[in-house]
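Keep the sequence at hand.

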Amino acid sequence: MEFRKSRPSESAIKVAGGLKAEAVKVSAAPLPLTSLADDVAALNRSLDRTEGPIILAGHAYAGAVIALARPERVKALVYVTALAPDEGEKVADVFYRLEPHPEAPKLAPDSNGLIWLPEGAFAAAFAQNASAEDRAVLVAVQRPISLNCITIPVGRPLWKDIPSWFLLAEDDRMIVPETQRYMAGRMKAKIKAHAVDHTPSVTAPTAVVDVLRDAIHSVAGN
C-alpha cells in the first residue's frame, strides 16, 4: 500500500513517522501551484513512479487535485480540512461559499496573478495552534498559488466513485467548519471531527495519522 500526500512540507515528516507501523510507503507529490491542470499532471507523474494500490491525501486546495488523479490504482481519498468542489464547480466556489471567519485574511492576487498568505495570517488563522518556531517554518516555505488553480471548473471527482475520509477541523479559520461539513456530507465521506486548526499535520499530526490509518485498514481489508 502506498500513501501519497499531495503537498510536500516538513509537516509530512510528522505524519510519515506516525505511519511507520502500518508498513506503507509515504511520499509527497510536489505540486507547482501554477494551474489546476498542471497540479493534476504533476500528481499523476508522481503516481507513475509508484506500484500497488494508493491512498491519496490532500490538504486545503489539494483536495481538488487528488480528486482528479488517474483512478486506476487510487483506492481511497483522505481530505485533511480540504476543499472538495463537485463537477462544474471551482475551488473558489466552495472556499467562499459562506462568510469567512473574522480572523481569516483577505486574499488577493499580486501583479503576477499569484496569491500569497500575509505573514500575520499564520498566527491569526492558518496555524494559530502552532508554536512560534513551526509558524516561522511555515512562513519561510510558503509558496504562492495561481488564480488558475482556483478559478477553473473541475471535472468529475473521484470521490463519487471511491470511498473518502474527511478530517473536519472544528477550529479552522481558513475553511469554515460549516463548509467542511457540507462538502464531507455530499461526498458521503467518513467524517473525523477534531478541535484542531487549519494545519493539523503540524499542530495535531496524531489526528491526521488516525484518519489515514482508518482509510488504510479499510482498503486493506477489502
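A residue is called buried when its relative accessible area is under 20%, exposed when over 50%, and partly exposed in between, with a 1.4 Å probe and protein chains only. The model is predicted, so local features need pLDDT of at least 70, side-chain atom pairs count only at pLDDT 80 or more, and totals for chains, interfaces and linings use all residues. Numbering starts from 1 along each chain as its sequence is written, and side-chain values use heavy atoms, with hydrogens and water left out. Helices (H or I, at least four residues) and strands (E, at least two) are DSSP runs, numbered from the N terminus.

Begin with the backbone. Most residues other than glycine have a negative phi. Leu-33 is not a glycine, yet its phi is positive, at about 60°. Leu-33 sits in the loop between β2 (25-28) and α2 (36-48). Its relative accessible area is 2%, so Leu-33 is buried. Thr-81 also has a positive phi, about 35°, without being a glycine. Thr-81 belongs to strand β4. With a relative accessible area of 0%, Thr-81 is buried.

Contact here means heavy atoms within 4.5 Å. Phe-166 touches Thr-81, and its other contacts beyond four places in sequence include Tyr-79, Ala-82, Met-183 and Ile-191. Phe-166 lies in strand β7. Its relative accessibility is 0%, so Phe-166 counts as buried. Gln-180 is also in contact with Phe-166. The two are 14 residues apart along the chain, and their C-alpha atoms are separated by 8.4 Å.

His-198 touches Thr-81 as well. Where is His-198? It lies in the loop between β8 (190-194) and α9 (200-203). At 3% relative accessibility, His-198 is buried. Its side chain makes a polar contact with the side chain of Asp-172 at 2.8 Å. A polar contact is a pair of N or O atoms within 3.5 Å; within protein, one must be able to donate a hydrogen and the other to accept it, and residues adjacent in sequence count only if both atoms are side-chain atoms. Among the other residues that His-198 touches are Ala-125 and Phe-126.

Gln-128 comes next, in the loop between α5 and α6. At a relative accessible area of 17%, Gln-128 is buried. Its side chain reaches the backbone oxygen of Asp-171 at 2.8 Å.

Now turn to the charges. Side chains of opposite charge can pair when their charged atoms come close. The structure holds six salt bridges, each a side-chain nitrogen of Lys or Arg within 4 Å of a carboxyl oxygen of Asp or Glu. In one of them, Lys-160 pairs with Asp-86, with the closest N and O atoms 3.1 Å apart. Lys-160 lies in the loop between α7 (147-150) and β7 (164-169) and Asp-86 in the loop between β4 (74-82) and α4 (91-95), so the bridge ties together parts 74 residues apart in sequence. Lys-160 is partly exposed at 35% relative accessibility, whereas Asp-86 is buried at 18%.

Another bridge joins Arg-186 and Glu-89, at 2.5 Å from N to O. Arg-186 is in helix α8 (residues 177-187) and Glu-89 in the loop between β4 and α4, so this pair links parts 97 residues apart in sequence. Arg-186 is partly exposed, at 23%. A further bridge runs from Arg-156 to Asp-161, at 2.8 Å between the closest N and O atoms. Arg-156 is partly exposed at 47% relative accessibility, and Asp-161 is exposed at 51%.
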